[in-house]
Amino acid sequence: MTILGNPGSHAVPCAGRTVTRQEVEDFLYSEADILDRWDYDGWLALFEPGARYEIPTTDHRAGWSPHETGSFVDDDWDLLRARVKRLKSRKAHAENPHSRTHRLISNVRLSAHTEDSFRVSASFIVHRARDGHFDAYVGWYEHVLVPTDDGLRFRLRRSLLGHESLAAGARLSFIL
């Protein structure tokens with residue numbers, strides 16, 4: 001991923017305006033807070049209609065298509081809305097009651113993509129407490145964001161795990 005401008009530059013031109021790294025960091029920090037509060041309606045509102053949510057398997061490699069090699073999550077817009085509806089219901093037994101989560105986002109980088117969208121990469125750690133266990137999920141995000149009149153929105157939200165594998169019995173029943 002190429003960072004635009006000189007090393008001190010922290011912005012990308014997109015959709016007729018300049019989007020700053022601070023604006024993107026605030027968006028990602030707000031998303032983390034929304035997810036840690038289990039506000040899935042608020043989370044879904046951060047996506048543009050038609051967006052995708054992906055978590056490739058841990059053996060995913062750059063250049064491989066998650067549609068061909070497998071994914072933990074490969075949601076188009078309809079599946080994303082169905083996921084939110086299920087997680088909000090009492091039928092999501094794996095998350096009833098909800099896990100306790102705490103997200104840390106760092107190393108946010110912006111790069112050009114198209115005229116109306118741009119790419120964001122960032123590192124993450126998601127701490128999860130559930131059923132007497134405490135786990136840390138680490139990795140990085142590769143997002144495509146779109147500036148709108150209502151703020152930034154996800155066109156693609158991709159979480160890449162840094163793990164070689166997940167522990168036996170590990171569940172991704174929450175949003176990573």
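This is a predicted model: local features need pLDDT of at least 70, side-chain atom pairs count only at pLDDT 80 or more; totals for chains, interfaces and linings use all residues.
1. Y53 stands opposite R157 in β8. The strands concerned, β3 (residues 47–56) and β8 (residues 151–161), pair in the parallel sense over four bridges. As background, the strands of a sheet pair through backbone hydrogen bonds, either parallel or antiparallel.

2. This pairing belongs to an open sheet of six strands, in the order β4-β3-β8-β7-β6-β5 and with mixed pairing. The edges are taken by β4 (71–75) and β5 (100–112); each has a single partner strand, so one side of each is left without a neighbour in the sheet. From one strand to the next, the twist averages 20 degrees.

3. Helix α1 lies across β5, β6 (118–130), β7 (133–148) and β8, and runs at about 155 degrees to β5. Helix α4 lies across β3 and β4, at about 80 degrees to β3.

4. Seven aromatic pairs are present in the structure. One of them joins F27 and F154 in a tilted geometry, with 5.0 Å centre to centre and 55 degrees between the planes. The pair links distant parts of the chain, since F27 belongs to helix α1 (residues 21–36) and F154 to strand β8, 127 residues apart. Both F27 and F154 are buried.

5. F154 also pairs with F47; this pair is likewise tilted, at 5.0 Å centre to centre with 35 degrees between the planes. Here too distant parts of the chain are linked, F47 in strand β3 and F154 in strand β8 being 107 residues apart. F47 counts as buried because its relative accessibility is 5%, and F154 is buried with a relative accessible area of 0%.

6. Y40, in helix α2 (residues 40–44), counts as buried because its relative accessibility is 2%. Y40 and V84 are 44 residues apart in sequence, whereas their C-alpha atoms are 6.0 Å apart in space. Beyond residues up to four places away in sequence, Y40 touches L35, V84, L87, K88, F174 and I175.

7. Leaving aside neighbours within four places in sequence, R83 is in contact with Y53, V73, D75 and I175.

8. In soluble globular proteins, nonpolar side chains tend to be buried together.

9. Residues up to four places away in sequence not being counted, F118 touches S111, H113 and H143, together with V12, C14, V19, V24, L110, V144, L145, P147 and L152.

Terms used: Residues are numbered from 1 along each chain as its sequence is written. Side-chain values use heavy atoms; hydrogens and water are left out. Contact means heavy atoms within 4.5 Å. Rings of Phe, Tyr and Trp (its six-membered ring) pair if their centres lie within 6.5 Å; planes under 30 degrees apart count as stacked, over 60 as edge-to-face and the rest as tilted. Helices (H or I, at least four residues) and strands (E, at least two) are DSSP runs, numbered from the N terminus. Buried means under 20% relative accessible area, exposed over 50%, partly exposed in between (1.4 Å probe, protein chains only). Two strands pair if DSSP finds at least two bridges between them. Axes are lines fitted to C-alpha atoms, for helices over the stretch in contact, and angles run from 0 to 180 degrees between N-to-C directions.
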